[in-house]
Every structure is written in C-alpha cells, then in structure tokens.
Amino acid sequence: MPTEIITLVAIAVVVIVLGILFTFIPVGLWIAAWAANVRIGIFQLVGMRLRRIVPKRVVNPLVKAKKAGLDLKLNKLEGHYLAGGNVDRVVNALIAAHRANIELTFERAAAIDLAGRDVLEAVQMSVNPKVIETPFIAGVAMDGIEIKALSRITVRANIDRLVGGAGEETIIARVGEGIVSTIGSSEDHKAVLENPDMISQTVLSKGLDSGTAFEILSIDIADIDIGKNIGAQLQTDQAEADKKIAQAKAEERRAMAVAQEQEMNARVEEMRARVVEAEAEVPQAMAEALRSGNLGVMDYYNLQNVEADTDMRKHIGSATKDDDEDIRDPHKGLD
C-alpha cells in the first residue's frame with residue numbers, strides 16, 4: 001500500500017514538472033521551428049522567457065522570413081521587439097520588398113517602424129502608387145475671374161525619405177499653392193479653361209515632393225469651375241468705399257459751412273448790440289448838449305421834425321411798394 005502511494009505521488013510530481021516545463025518552454029514552437037529548418041535551441045527560448053519576450057512573436061516571423069528566402073538573425077528580431085517595434089509587420093514589409101525587387105534592409109525597415117510609420121503600407125505604396133484627391137482650390141486670374149480646380153495627385157512612397165519626410169498634408173498644401181500661383185499668373189481665365197493641363201504641368205515642374213516621404217508621379221486636374229467675378233466685386237467695393245469717403249467729406253464741408261454761418265450770425269448779433277448800445281448813448285449826448293448850451297431848443301425841434309419827415313417818407317414808400325405788388329398780382333388777397 002505505501003508503495004502504490006509513493007508511485008502515485010511520483011507520477012503526480014512528474015506530471016506537474018512536465019506541465020510547468022511545457023508551459024515555460026514552448027516545446028511546440030521549438031518543434032515547428034526545427035521543422036521549418038530554423039535552428040533555435042531550447043535554452044534560447046528559455047532566455048526569451050527570461051527577457052520577457054513572447055517567443056512566438058519572434059520565432060514565427062523568423063520562420064516566415066526563412067521560408068521567403070530572407071537571411072535574418074534572431075538577435076536583431078529580439079532587439080527590435082524589445083525596442084517596442086512590430087516584428088511581424090517589419091518582416092512582412094521585407095518580404096514584400098524582396099518580392100518587388102525593392103532594396104530595403106532590416107535596419108531601415110526597423111527604423112521606419114520605430115518612427116511610427118507603417119513600413120508595410122509604405123512598401124505597398126511603392127509598388128502600387130496612391131492617389132490623393134485635393135479639395136476644390138480657388139485661384140483668381142489677372143482678369144479678376146475666380147477659378148476653382150479639383151486635382152488628383154498620384155504619389156509613390158520614397159523609402160529613403162520615409163523617416164523624417166513630410167506627409168500627405170504637405171503634398172496637398174504645396175500642390176494647392178502651385179495651383180493658386182499658376183492661375184494667378186494667367187492673364188485670362190479662358191486660357192486656363194482651354195488648357196487645364198497647363199496647371200498640372202507647371203505645378204509638376206516645381207519639384208513639390210522635395211523633403212517629403214513621397215515621389216509625385218503625376219498631377220491631374222479632375223474638375224475645373226468658374227467662381228465669382230472677384231475683380232468686379234473689388235471694384236464695386238472700392239467704388240462704395242470712395243462714395244462713403246466723398247459723402248463724409250461733403251458732410252464735413254456742410255458742417256463747416258453751418259458753423260461758419262452760425263459764426264456770422266453771432267457777429268451780426270454782436271454788431272446789432274453795438275448799434276443798440278450806440279443808439280442808447282444818443283439821448284444822453286443830446287441832453288448833455290442841451291445842458292451845456294451846444295444845442296438849442298429850436299435845433300432840437302428841427303431835428304425832431306426831420307426824423308418825423310423821414311419816418312413819413314418811409315411809410316409812404318412802403319405803401320407805394322405794396323400797391324405796385326397788388327397791381328402785378330391782381331389775385332393776391334382774394335382768397
């Protein structure tokens with residue numbers, strides 16, 4: 001009885017040890033690697049576990065590269081994995097570049113991947129160029145007519161400039177700037193409508209892909225429309241502005257005239273006040289003359305008679321003027 005218990009305990013221990021062993025050591029992955037003619041030792045897999053590397057994320061890409069005819073080293077794949085890169089994506093990109101006869105080393109592919117770019121997509125774009133469609137870009141010709149152009153840019157990824165090169169936004173901005181410049185340098189908008197390829201040829205000749213991660217293959221004008229008459233609108237706005245300026249100046253002159261008129265009225269009132277003041281001094285002067293004997297009583301009466309005669313003549317003259325106006329207008333006063 002004790003012998004049977006010892007045997008069962010030994011079997012249990014062996015099973016537990018084998019379970020732990022097969023859990024810690026990916027024996028199935030080791031067998032698959034040897035079957036694919038990839039020589040990896042058991043202790044190398046154990047070392048991956050100790051370095052906190054998931055073995056299948058390194059071994060499977062290595063097997064894939066071996067079957068594709070690539071000579072990759074296990075240490076490089078482990079280093080790229082520990083650096084935070086995607087080993088499987090890098091290997092797929094190397095295989096695609098190898099099939100397409102594109103020169104791409106593991107170091108460059110790893111650098112592109114660590115830079116945050118999709119290296120596999122870049123290789124695919126090198127084989128199959130990508131078409132970037134810009135929004136409608138508006139430019140104004142010299143005759144003042146606005147022209148809107150929609151373009152399609154065919155680009156191919158440049159592997160050599162993928163690290164540090166500008167992206168699609170820069171390409172779109174440069175092409176838009178070139179389209180606006182080309183339309184703006186055209187003397188007549190009709191010439192642009194007749195030859196829209198003039199825009200693409202001019203823009204393409206400027207080398208807009210310098211410093212970018214792409215190589216521009218072609219720029220095609222997909223659609224072109226006529227917009228507003230910007231020149232006429234600017235002239236209208238300028239005329240309206242000139243009109244407002246003229247009105248403001250006229251209002252200024254009118255205000256100055258009104259102010260001058262008020263000033264003249266004030267001067268007239270001032271002169272009238274002086275006249276009234278001078279007239280007020282006349283009786284005093286006459287009284288002083290009478291007291292001093294320089295003016296006699298008869299002289300005073302003669303002066304009064306002259307004034308009365310003058311007033312009578314004024315009244316007679318005004319009455320005669322009113323009668324003449326009645327004769328010229330017989331209907332006056334009948335209403």
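UniProt positions are given here in the numbering used for this structure, with feature names shortened, and such annotations may be inferred rather than shown by experiment. With that in mind, the unreviewed UniProt entry carries the annotation "coiled-coil region" for residues 261-288. In the model, the span 261-288 is 100% helix and 0% strand, and its end C-alpha atoms lie 41 Å apart.

The model is predicted, so local features need pLDDT of at least 70 and side-chain atom pairs count only at pLDDT 80 or more, while totals for chains, interfaces and linings use all residues. Residues are numbered from 1 along each chain as its sequence is written, and side-chain values use heavy atoms, with hydrogens and water left out.

Helices are DSSP runs of H or I with at least four residues, strands are runs of E with at least two, and both are numbered from the N terminus. The axes of helix H4 (residues 56-67) and helix H5 (residues 74-82) come within 10 Å and cross at roughly 135°, where axes are lines fitted to C-alpha atoms over the stretch in contact and angles run from 0 to 180 degrees between N-to-C directions. H4 is therefore oblique to H5, a word for angles left over once those under 35 degrees (roughly parallel), over 145 (roughly antiparallel) and 65 to 115 (roughly perpendicular) are set aside. Arg 57, Val 58 and Leu 62 of H4 make the contact (heavy atoms within 4.5 Å) with Leu 74, Leu 77, Glu 78 and Tyr 81 of H5.

Asn 101, in the loop between helix H6 (87-99) and helix H7 (106-114), has a positive phi of about 60° although it is not a glycine.
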